[in-house]
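Visitor: Could you walk me through this structure? I will ask as we go.

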Amino acid sequence: MIKNIGVDQIEVDRIAKVVDRGDGFARKVLTDREFAQYQDLTHKRKIEYLGGRFAIKEAFSKAWGTGIGQAVSFEDVETLRTESGAPVTTSRIFTGRIFFPASRMMITRSSPWSCLKSRPLAPRDRQTIAPVIWEEKMITAVNRPAALHINLAAIKENTRQAKAHLKPGQKLFCVVKANAYGHGAARLAPVMEEAGADGFCVAMLDEGLELRRAQIVKPILVLGLQPAEEAALAAANDISLPVSSLDWLKKAEKVLRKEGLQLKIHLAIDSGMGRIGFSEDEDFKAVNEYLQGNDAFFVEGMFTHFASADSADASYFDYQVKRFKHMESLLTVKPKWIHVDNTAAILFDKDVASDIVRFGIGLYGLNLHQPQAAGT
């Protein structure tokens, strides 16, 4: 865990609260065998155990691009302590909507690259299959006959099309995190800006600073939590940061006061994604009270992220909308922008108010209406 900073410490604090309230959350997240181990632990170890299992399950579901829901459930990933005390994780591997038990997977080393291949195993083989601990590292090479060709005209047209689908008054913030999904953020951002982008979203402060060095002057919002010590650097470069705790605000204010700077912030709401944001009413009310008349901060926005806006089953999406609207009703400060829309939400015509559309993978040609990506 990262002590006192970043998402890890914040998540530990939140897990501690649910542990204090009883076993309800643990029963929902843990398998029966995990819960049996959980019950034998001290209070502190329960927090670590539950937080770790939740993180593993969420990471697995995100790796498959679905999130926790109908496709991947908490039951599909199990991490148990062995007799030696070391945790071992097993899961049901799936393709599309079809699940395959982990016992039906085998490792093949028929080539220099290890890979997973699915085939039925004989009963005698199944008993010898051990959980896979992946130890190999991907080789990065310069002497490799591969190149990535980016069609800037297609990127520009995609941006224009996204802009054309906005509702009156909405802003288009292009998501260029992870080096614009590997396409080159510093090169693509000016093209998107020329095509009508009103701002940009990145994952971390360094990515925002790269855009400023590329002469991008439009608003930049960091979506990931940053150490409070970086508040002055963000403010000096007119980059907005998300907030999900009162403790972070207090630490950031000390840094900003020392430098005589004001930071633009967006209040992050965890409406069900389980990533970052306020989820408890009292915590959110306390932050609103703290921000009243506090000139170290400008409350530029309030936002959440939908886990399943592209799902045919809208029940979880509707639940997140309801949770977000509830948190919005608790506001006593007035953000400039309220935003919830991502690529999936706008493409699937989800009728929910959003001042900003954070348009990401759609800009790069991925068509969520089709089973495979459209070319760019």
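Predicted model: local features only at pLDDT ≥ 70, side-chain atom pairs only at ≥ 80, totals over all residues.

Guide: Residues are numbered from 1 along each chain as its sequence is written, and side-chain values use heavy atoms, with hydrogens and water left out.

Visitor: How many helices and strands in the protein chain?
Guide: The chain has 14 helices and 15 strands, taken as DSSP runs numbered from the N terminus (helices H or I, at least four residues; strands E, at least two).

Visitor: And what share of the residues is buried?
Guide: Of the 376 residues, 43% are buried; that means under 20% relative accessible area, with exposed over 50% and partly exposed in between, using a 1.4 Å probe and protein chains only.

Visitor: At what angle do α6 and α8 pack?
Guide: About 45°, with the axes of α6 (residues 152–164) and α8 (residues 185–194) 8 Å apart. Axes are lines fitted to C-alpha atoms, for helices over the stretch in contact, and angles run from 0 to 180 degrees between N-to-C directions. The two helices are therefore oblique to each other, since angles under 35 degrees count as roughly parallel, over 145 as roughly antiparallel, 65 to 115 as roughly perpendicular and the rest as oblique.

Visitor: Which residues meet there?
Guide: From α6, Leu-152, Ile-155, Lys-156 and Thr-159; from α8, Arg-187, Leu-188, Val-191, Met-192 and Glu-194. Contact here means heavy atoms within 4.5 Å.

Visitor: New topic. How many disulfides?
Guide: The structure has 0, a disulfide being a pair of cysteine sulfur atoms within 2.5 Å.

Visitor: Is Cys-174 buried or exposed?
Guide: Cys-174 is buried, at 0% relative accessibility. Cys-201 is also buried, with a relative accessible area of 0%.

Visitor: Where does Leu-263 sit?
Guide: Leu-263 is in strand β11, residues 263–268, and counts as buried at 0% relative accessibility.

Visitor: What is Leu-263 in contact with, beyond four places in sequence?
Guide: Its partners include Ala-231, Ile-239, Trp-248, Leu-256 and Phe-297.
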